[in-house]
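Welcome to a short tour of one protein model. Have the sequence and the 3D view open, and let us walk through a few spots together.

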Amino acid sequence: MRKGPAKILIADDDAMVRTTVSKILEMFGHCVDTASGGKGVIELVDDSYDVIILDINMPDMDGFETMCGLNELKYDIPVLFLTGAGSMDYVVKAINLGAYDFLSKPIEDLDIFNVKIRRAIEKRMYVLQERQYKAALEDDIQIKAIQLEEQNKLLLTYSNSLEKATVQLMTSLQNAMEEKDYYTAGHTMRVTEYALMLGVAMGLTENEILVLRRAAQFHDIGKLVIDLSCIQKPGKLTEDEWVLIRKHPTVGANIIQPLGFMEREQFIIRHHHERIDGKGYPDGLTGDQLDDLTKILTVVDSYDAMTSKRNYRKNMNLQEAVQELHRNSGTQFEPNIVEYFSRSIMDFTPTKGVFTQEHLENIYLNSQ
Ligand SMILES: [Fe+2]
């Protein structure tokens with residue numbers, strides 16, 4: 001807000017008028033600058049003026065043209081027109097252009113003149129106050145926006161670390177439970193590696209790879225909480241045992257569900273035993289209802305089951321398993337994923353040592 005005397009700019013082509021009006025204004029304690037025409041006003045004016053007084057008839061630029069020029073400058077300084085015994089047309093035109101008030105020329109009543117000038121100065125004060133308030137408000141909004149952004153970042157960091165901690169906790173829990181099941185431990189590790197290999201070969205995004213990794217890592221978590229001692233028994237499974245085994249995708253998905261942040265993983269885990277012909281379990285979904293990540297997991301999961309030794313059957317070698325995948329391509333598996341997989345598995349080298357019998361036996365021995 002401006003302090004001290006008000007700053008007033010007068011334009012009139014009549015030097016006598018300029019001097020008289022200046023003197024009166026100075027007498028009332030204001031600072032005055034003068035111009036002999038509209039051009040002078042436009043050149044001289046800046047945001048430091050509080051009031052402008054314009055004559056209407058001036059040779060270079062009349063009062064109205066000057067007013068238009070001032071409007072373009074957007075200083076928002078109240079303008080008072082000096083009028084003689086003017087016509088109504090002039091008044092209407094001046095008001096339409098945004099004139100604040102009129103001063104009669106010659107000045108006969110000093111009190112009225114003084115009141116009008118004071119009101120114009122007050123108007124200017126309001127304009128400046130409002131401007132200041134708006135600027136403060138904008139600053140405030142900007143500060144709040146920055147604070148909010150920082151809080152959001154912090155929140156995101158917290159939520160990410162919470163997610164990480166939850167996954168770590170689940171991994172530890174899973175590892176602890178897998179100690180009882182030598183086969184599932186190795187299977188989970190290999191399926192995760194195969195899934196990542198295939199995901200990268202298929203050009204999945206970083207986020208899809210993350211989802212796939214988590215889904216693969218926990219895809220059989222349901223097996224660990226239902227009594228599957230039958231998995232380790234020699235010989236074929238009975239119908240009742242199969243019924244129990246078929247529950248593991250649903251149980252696994254139900255374990256993940258309360259976490260709230262692994263929705264896609266939950267879907268993949270629930271459906272990793274579906275077939276694209278709709279003959280899988282638990283929901284009999286068809287190919288168009290399954291996403292690529294789930295289809296990837298069904299392929300790598302089956303491949304590992306085929307190539308792993310089980311108590312009741314001999315394992316297949318790489319070529320035999322790939323042939324089996326092709327035989328079931330289009331019914332059980334998505335053909336293009338089988339294609340990608342068979343091409344990639346030929347050159348695939350697992351992360352150092354994780355697939356070796358020695359590594360798995362070490363895990364098993366360490367858990368004893
Ligand atoms: Fe499974």
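## How helices are compared

Axes here are lines fitted to C-alpha atoms, for helices over the stretch in contact, and angles run from 0 to 180 degrees between N-to-C directions. Helices (H or I, at least four residues) and strands (E, at least two) are DSSP runs, numbered from the N terminus.

This is a predicted model, in which local features need pLDDT of at least 70 and side-chain atom pairs count only at pLDDT 80 or more, while totals for chains, interfaces and linings use all residues. Residues are numbered from 1 along each chain as its sequence is written, and side-chain values use heavy atoms, with hydrogens and water left out.

## H7 against H13

The axes of H7 and H13 lie 10 Å apart, and the two helices pack at an angle of about 45°. H7 is therefore oblique to H13 (under 35 degrees is roughly parallel, over 145 roughly antiparallel, 65 to 115 roughly perpendicular, and the rest oblique).

From H7, Glu208, Val211, Leu212, Ala215 and Ala216 meet Leu293, Ile296 and Leu297 of H13; contact means heavy atoms within 4.5 Å.

## H13 against H14

H13 covers residues 292–307 and H14 residues 318–327; their axes come within 9 Å and cross at roughly 135°.

On the H13 side, Val299, Tyr303, Met306 and Thr307 take part, meeting Leu318, Ala321, Val322, Glu324 and Leu325 in H14.

## His219, in a loop

Look next at the loop between helix H7 (206–217) and helix H8 (221–225), where His219 lies. Is His219 buried or exposed? His219 counts as buried because its relative accessibility is 0% (buried is under 20% relative accessible area, exposed over 50%, partly exposed in between, with a 1.4 Å probe and protein chains only).

A polar atom of the His219 side chain lies 2.6 Å from the backbone oxygen of Ala216. The His219 side chain also makes a polar contact with the side chain of Asp301, at 3.4 Å (a pair of N or O atoms within 3.5 Å; within protein, one must be able to donate a hydrogen and the other to accept it, and residues adjacent in sequence count only if both atoms are side-chain atoms). Beyond four places in sequence, the contacts of His219 include His187, His248 and His272.

## Leu9, in a strand

Leu9 belongs to strand E1 (residues 7–11) and is buried, with a relative accessible area of 0%. Its C-alpha atom is 7.5 Å from that of Ala35, 26 residues apart along the chain. Setting aside residues up to four places away, Leu9 touches several others, among them Val41, Leu44, Val45 and Ile52.
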